[in-house]
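Subject: Structure handover

Dear colleague,

Please find the structure below. My notes on it follow.

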Amino acid sequence: MKPNIFLRRTSGRSSGRVPATTLLAVGLAASLALTTGCAKSEDDGADSGDSESAAEGDAGQVVSSPGAGGKTCVIGDYGAKKLDLKSATVGFSQSEKEANPFRIAETASIKAEADKRGVKLLTANAQSQFSKQISDVQDLIAKGADLLVIAPLNSDGWEPVLRQAKAKHIPIVTIDRKINAAACEDYVSFIGSDFVEQGRRAADRMIEATGGKGEIAILLGAAGNNVTTDRTKGFQERLKDKAPDLKVVFKQTGEFAREKGQQVTEQLIQSKPGIDGIYAENDEMGLGAVGALKGAGKKAGEVKIVTIDGTKNAVRGIVDGWIDGVIESNPRFGPLAFKTLDTFTKGGQVAQDIVIKDSAYTKDNAKSDLGKAY
C-alpha cells in the first residue's frame, strides 16, 4: 500500500532550529514518498522475514512544504565534481548499536535503497562510541567512499572528518541528527525532523492527557546532540505557553536507552511517588518507564506517558493503555538520502535542510496504524 502524499506549511524557525525547506521543487517533493521496510526490535520476536519486508511499508518519509528563503546547495558551490551515483561507492556511518528499533529500521532503509539502486554501499557502526564513529568515517574514506551518509552520534567534534572529506571533495549528507558545521561547505544537507516541533506536539498530547495540571517528569535523551536539546526546548516552551499549571519537577537523562530509562524512572517513583506524567524523549526510555511503573505496582494509565519515535512496542503500549501518545520520528531515510545524493551529484539544487513530516499515534489510531510502526 502506497503512502498518501501530503504537504503542509511549517512555521518559520529561528537559529538553532531546522528551517522548513524542501529538497527540490514542489514537483520533486511530491515524488519522494518512497517506502522501505520496517525492521523490528528483538523484543518483538521478529524473524528475518519481517526485517526483509522493506518495500511493503507504507510510512515512507514525506518532505514538508517549501519555506520562503530556504538555503540550497549545488555541487559547484560545494567544490565537488559531478558523478553517476550508480558507479559511485557510498559510505554509511551508523551511530548506535542496532538494538534500538529506530537504528534497525534506519540501517535497513539505507541498505534496501542502495540495493534497489544497485549502488555499492560500505557500512560501519560506531556502537555508541563517538571516537569510533570518527575513525569509522575516516576508514570509509580510506576504503574509497565517493559519498557519505552519516547518522551522527554527537553534533560537535566532527572537524577531523570534515577536513579529510573536504580535501577529497566528498559530499556528505547527515541524517536524523545535525552536526555543528557549515552547510554547503562542510556538508551538503541535513535530512531529518523538526525536533522542536516534535517537543511541542508531545507537550500538546501531555496537556490533553493530564488536563493541563499536575507534576510531570522529563526523561532526557543523550547529551551532546541537537535532538535532545530541541525536543526539550519545544516541550518546555509549549507548557509555558499553554499549561503553566503543569509543572516539570524532575529531569534526568535516560540516554535514549530502555534500561537507563527504567532505572531513572525507578528513582523518580521513589522521589516523586505521586508523579502525574512522564515525557520520554524517545520510545525506548518510555518503554523503560512502563517497566518501572509495572514493577512499582502502578496501573495502566495511572501515570500519563508521552514518547517520541513510533516503534511497534510503543504503539502497542498505547493499545494496552500504558502510553498516551507517540509522536513519530520516521527513520526510513534511504529513499530520500539517495535521492538527495543523486540530484546533487548530477548538478541539481538541493536544500541545505530537508525537513520531513512526521505523523503521530494516539488511542484513536494506534490499533489501526500499528502496521505503520517500525
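Are cysteine 73 and cysteine 184 buried or exposed? Both cysteine 73 and cysteine 184 are buried, where buried stands for under 20% relative accessible area, exposed for over 50% and partly exposed for what lies in between (1.4 Å probe, protein chains only).

Before the rest, the conventions. This is a predicted model, in which local features need pLDDT of at least 70 and side-chain atom pairs count only at pLDDT 80 or more, while totals for chains, interfaces and linings use all residues. Residues are numbered from 1 along each chain as its sequence is written, and side-chain values use heavy atoms, with hydrogens and water left out.

Disulfide

The structure holds 1 disulfide, a term that stands for a pair of cysteine sulfur atoms within 2.5 Å. The disulfide is formed by cysteine 73 and cysteine 184, with the sulfur atoms 2.0 Å apart. The pair links distant parts of the chain, 111 residues apart: cysteine 73 lies in strand S2 (residues 72-73), and cysteine 184 in the loop between strand S6 (172-175) and strand S7 (189-192). Helices (H or I, at least four residues) and strands (E, at least two) are DSSP runs, numbered from the N terminus. The link is right-handed, with 80 degrees about the S-S bond.

Sheet and helices

An open sheet of 6 strands runs in the order S9-S8-S10-S11-S12-S15, with mixed pairing; two strands pair if DSSP finds at least two bridges between them. Its edges are strand S9 (246-253) and strand S15 (360-361), each of which pairs on one side only. Within the sheet, strand S11 (residues 304-309) and strand S12 (residues 325-328) pair in the parallel sense over 4 bridges, and aspartate 309 stands opposite glutamate 328 in S12.

Helix H9 (residues 258-271) packs on the sheet and touches strand S8 (214-220), S9 and strand S10 (277-280), contact being heavy atoms within 4.5 Å. The direction of H9 makes about 135 degrees with that of S9; axes are lines fitted to C-alpha atoms, for helices over the stretch in contact, and angles run from 0 to 180 degrees between N-to-C directions. Helix H10 (residues 283-295) also packs on the sheet, touching S8, S10, S11 and S12, and its direction makes about 155 degrees with that of S11.

Cores

A nonpolar core is a set of buried Ala, Val, Leu, Ile, Met, Phe, Trp, Tyr and Cys residues joined through side-chain atoms within 4.5 Å. The largest has 58 residues, of which Leu148, Trp158, Ile172 and Ile323 touch the most other members. H10 gives the most to this core, with 6 residues. Apart from it lies another core, of 25 residues, including Leu85 and Tyr374.

Salt bridges

There are 19 salt bridges, counted where a side-chain nitrogen of Lys or Arg is within 4 Å of a carboxyl oxygen of Asp or Glu. One of them joins arginine 200 and glutamate 197 (2.8 Å, N to O). These two are about one helical turn apart, because they sit 3 residues apart in helix H7 (residues 195-210). Arginine 200 counts as buried, at 12% relative accessibility, whereas glutamate 197 is partly exposed, at 23%.

Lysine 363 forms a salt bridge with aspartate 324, the closest N and O atoms being 3.6 Å apart. Lysine 363 is in the segment after S15 and aspartate 324 in the loop between helix H11 (312-319) and S12, 39 residues apart. Lysine 363 is exposed at 52% relative accessibility, and aspartate 324 is buried at 3%.

Regards
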